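Take a look at the model shown here. The report after it walks through a few of its parts.

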Amino acid sequence: MDDTKPWGYRWRSSRLLVVSSITVALFAETFLYGFLTPILSYMLEERLHIDPSRTQTYTTALLTVHGFIGLVSAPIVAHLAEKTPSQKTPLLIALAGCFVGTLMIALASSLWVLFLGRILQSMAGAATWVVGFALLANNVDKKHLGQSMGMAMSFVTAGMVGGPTVSGALLQLFGYWTAWALPLVVLVLDIIARLVMIEPGLGSKKIDTLSKPAGASVLGNDGIPEESTALLPDTPSTVEHKQDLKQEYYRVMFSDPRVLTALANVVVVSSLMSGINNTLPVHLRQAFGWKSLLISMMFFCLQVPNIVLSGPSGWLRDRIGIRGPTVFGWLAMIPLLLLLGIPGDSHFPWAGGDAAGKSIFTSSLLALGSILPLVRGVGAVQLAYVVKDMEAKDAHLFEANRSNLRVFSMTEVGYSLGMMFGPMLTGSLFEGVGFFYMTVALAITCLIQAVISWRWLDTLPSPEAPEASYNRRFVVGEDNGIYPARYKAAVSRSPSAASVKTMTEKTESSQLADCSHIPIIDLLTLDSPNFDERQKLARSIYDACTQVGFFYIKVDSSNHTIEPEILILLQNHGIPEDKIDGIHSSAKRLFGLPEEQKMKLYIGNSPKFRGYSPLGGEKSTGTDDDPVAEEDAVSALSEAFDIGYETAMDSQKLKDDPLPRDPYGLYGDNQWPGQDILPNFTETYIEYCAMMLGLCRKLMRIFALALGLPEEHFDSMTRDPGVTSRMMHYPPQPVKEEVREGLGAHTDFECFTILSQGSVPGLQVLSHSGEWILAPPLPGTLVVNIADCLSIWTNKKFKSTIHRVTNLTGQERYSVPFFFGVDYDATVSVLPNHISDERPACKEPFKAGEWVREKLSKAYVGYEG
Ligand SMILES: O=C(O)CCC(=O)C(=O)O
Ligand SMILES: [Fe+2]
């Protein structure tokens with residue numbers, strides 16, 4: 001083992017230990033929050049000698065402060081945590097805060113020490129949630145994340161129920177200091193766990209901050225991520241563009257009454273729970289003269305059915321929709337709340353502090369706990385449903401992952417507001433008009449919720465998790481409604497549609513897709529340490545490459561449903577959505593320049609096919625089997641900007657490393673627009689290419705595995721990879737006129753291509769049956785297609801499928817393909833394990849650079865070279 005690593009590095013940085021220590025930390029946080037509630041009255045009166053008539057006021061103030069601190073500190077902590085390289089440091093600081101805060105509370109001999117202790121505890125709690133979840137997200141691979149989050153959340157639930165349940169009991173049975181011994185033991189465990197744990201891969205990953213699921217201490221049901229900020233600065237125009245989109249997004253969302261109803265639901269549930277927490281202890285002491293043990297038992301009565309029944313209520317919602325159960329839940333709570341208010345009230349002498357009153361109270365509390373799951377979490381589900389609806393209407397504005405992040409940060413704010421307002425309102429009502437009228441007010445609120453839920457909530461069953469809906473395979477004809485009818489009509493009128501028949505007859509099967517859908521593959525296990533997992537991924541890639549030659553890869557955030565209502569969004573190892581947005585807005589900026597500016601970068605001035613190619617500058621040359629004669633070649637209705645490999649985009653090279661030997665004249669010499677013309681353009685594009693290049697090298701290893709080779713097989717041939725990337729702009733064309741292709745039918749030349757196609761559809765893939773399969777942009781995905789060299793390597797087992805672009809949407813279309821090939825000087829030769837007597841090698845070995853150069857020189861109109 002490495003001597004420089006600390007003692008026990010391996011197990012101390014293992015997933016099990018990271019998950020366990022975060023679990024312990026979250027448990028401690030929720031346990032300590034709840035622990036105080038039933039014994040607070042005792043502390044205030046017996047230890048701080050507060051006049052009992054003021055007990056409720058201080059309880060309310062303490063809970064409200066907690067809600068407020070949670071609301072404001074989560075985003076601050078998230079911001080700070082993002083700046084610290086190690087997440088262990090903030091976790092330890094939080095622990096120190098929690099420790100000091102808890103000691104201050106336990107020892108408090110004055111009110112201000114008590115409040116200060118509580119504030120420290122709340123801040124530390126917020127930090128623990130934010131940092132804890134970020135650590136989980138960054139250090140647990142996605143496959144195990146659901147399980148790990150699930151485990152963490154069940155401990156949170158245990159803390160939530162355990163805290164108030166044991167504190168009152170211990171206080172009454174064993175006295176004040178023995179009662180506090182338990183939280184101290186929990187804290188010691190927490191200290192040990194946090195100290196022992198070593199953050200794995202420190203420094204290699206940046207943090208994604210997820211903020212505290214507000215209300216978790218009370219409700220423990222929603223893990224809500226903060227809308228994560230970009231990890232690297234954006235270019236000014238991206239920021240502006242994003243700002244516009246964000247405003248538009250919120251405008252659209254807030255003008256939908258379903259959204260407002262969902263948010264009202266979130267605020268009311270959270271207020272109700274924190275309001276009951278706030279008033280229950282004092283009320284029970286006044287009404288029944290109960291001490292802390294029985295008060296604790298009441299918390300148990302409320303929470304346990306709530307937890308047990310949350311699964312079945314989610315199931316019910318999935319079956320019959322959210323509106324019915326929610327309206328029923330709110331209505332059923334009305335009599336239960338009223339019943340809860342009756343015992344001990346002077347208007348109802350028959351239900352005083354005697355057995356009748358106590359049993360009415362206990363059973364209505366139990367019933368309330370059982371009904372609560374019907375209304376808990378409804379807001380989040382309804383919001384997810386709205387987003388899904390909106391996506392179908394405006395895919396660009398409602399890119400799935402980003403809008404989910406926003407949805408969940410809206411929910412978070414809702415919960416935090418409830419945590420703050422709940423105690424405030426119930427506290428003042430309780431003190432002003434008494435417990436019964438407070439429950440009347442709560443019952444009226446429930447009635448209002450029932451009415452608005454009836455009026456505006458969706459009647460349909462809960463939506464699938466967004467991820468699941470994208471996982472659905474895309475089938476011809478089933479186009480998600482994103483293609484206008486005129487587009488489909490135009491496709492069938494297109495001149496090349498007529499020639500498709502002859503094209504497919506002439507074309508080799510290796511260039512035609514075998515099936516009618518393009519699969520979606522999750523790259524989650526691309527760098528899994530587990531070989532079997534990589535092998536499994538390789539197998540599905542093999543199927544896609546041999547049957548279709550095209551597949552979608554999921555590269556960004558995805559959702560994990562941990563418990564019915566806990567949806568946590570995490571970024572995976574892929575290309576962050578911000579970077580994709582950034583490159584698209586760079587493309588828009590570039591093509592938006594005046595023609596003469598763009599022509600200063602004219603591709604014809606470059607000996608290496610790098611630079612700007614104006615509208616119509618590229619010709620449809622057809623395919624090898626069905627070439628288009630030069631005089632018949634139609635120029636494409638698109639403009640493009642091409643760049644090639646530079647060492648700056650290669651993380652395996654130093655910035656100043658010289659370019660590789662270049663016998664085919666294809667490396668470097670890019671024509672970049674100056675900083676004065678397009679500030680930051682070059683940096684953004686280079687950064688994008690660097691990420692793509694990293695992803696491509698990893699994919700190349702999976703391809704090797706898929707082909708039965710050692711994963712490193714292509715490594716030595718991809719040190720100076722033959723990389724080209726281009727930005728494309730396809731202007732809309734009048735549908736009435738004859739359709740002109742944005743890019744004619746072709747195959748790509750290198751090994752494979754990763755395409756980011758923005759949000760406007762246009763790409764089509766040719767199938768055996770002569771159909772053009774639509775390959776629409778799916779949010780959160782990129783498209784990978786096999787190109788000629790890899791197809792030849794596999795003796796055409798992998799398909800280099802013919803595709804084209806036709807933009808009939810009426811919108812501007814932008815795309816950014818990234819073509820990845822082996823070193824130009826490497827020899828492409830059919831793999832021996834793919835040659836047999838029946839299937840001799842399809843081609844003699846050749847140099848990759850020679851092939852690419854020849855193809856490029858055919859494609860560009862008037863190119864001198
Ligand atoms: O723009 C697209 O969607 C595809 C572009 C393409 O196929 C290419 O540039 O080779
Ligand atoms: Fe292509």
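The sections below cover the model, its metal site, its cores, its salt bridges and one threonine.

## About the model

This is a predicted model, in which local features need pLDDT of at least 70, side-chain atom pairs count only at pLDDT 80 or more, and totals for chains, interfaces and linings use all residues. Residues are numbered from 1 along each chain as its sequence is written, chains are lettered from A and ligands numbered from 1 in the order in which they are written, and side-chain values use heavy atoms, with hydrogens and water left out.

## The iron site

The iron ion (ligand 2) has three protein donors: H746 (NE2), D748 (OD) and H803 (NE2). They lie 2.1 to 2.2 Å from the ion. Donors here are N, O and S atoms within 2.8 Å of the metal (3.2 Å for Na, K and Ca); water is not among the atoms, so sites may look incomplete.

Along the sequence, the donor residues follow the spacing H-x1-D-x54-H. D748 sits in the loop between strand 10 (743-746) and strand 11 (752-756), while H803 is in strand 15 (residues 803-805), so this pair ties together parts 55 residues apart in sequence. Strands (E, at least two residues) and helices (H or I, at least four) are DSSP runs, numbered from the N terminus. Both D748 and H803 are buried. Buried means under 20% relative accessible area, exposed means over 50%, and partly exposed is in between (1.4 Å probe, protein chains only).

## Nonpolar cores

A nonpolar core is a set of buried Ala, Val, Leu, Ile, Met, Phe, Trp, Tyr and Cys residues joined through side-chain atoms within 4.5 Å. The largest one has 79 residues. F641, Y685, F703 and F752 have the most contacts inside it. Helix 23 gives the largest share of this core, 16 residues.

F703 touches several residues beyond four places away in sequence, including I541, F752 and F798. Contact means heavy atoms within 4.5 Å. Another core, of 37 residues, lies apart from the largest one. Among its residues are V269, C301, L337 and F435.

## Salt bridges

How many salt bridges does the structure hold? There are 18. A salt bridge is a side-chain nitrogen of Lys or Arg within 4 Å of a carboxyl oxygen of Asp or Glu. Side chains of opposite charge can pair when their charged atoms come close. One example joins E595 and K598 (3.5 Å, N to O). The two are three residues apart in helix 22 (residues 595-599), so about one helical turn separates them. E595 is partly exposed at 38% relative accessible area, whereas K598 is buried at 3%.

K608 is buried, with a relative accessible area of 12%. Its side chain meets D669 in a salt bridge (3.2 Å, N to O). K608 lies in the loop between helix 22 and strand 7, and D669 in the loop between strand 8 and helix 23, so the pair ties together parts 61 residues apart in sequence. D669 is partly exposed at 46%. K608 also forms a salt bridge with D662 (3.0 Å, N to O). That pair is 54 residues apart. Elsewhere, salt bridges link D650, K653, R697 and D720 in a network.

## A buried threonine

T102 is found in helix 4 (residues 88-107). At 1% relative accessibility, T102 is buried. Leaving out residues up to four places away in sequence, T102 touches L32, Q121, W180 and L187.
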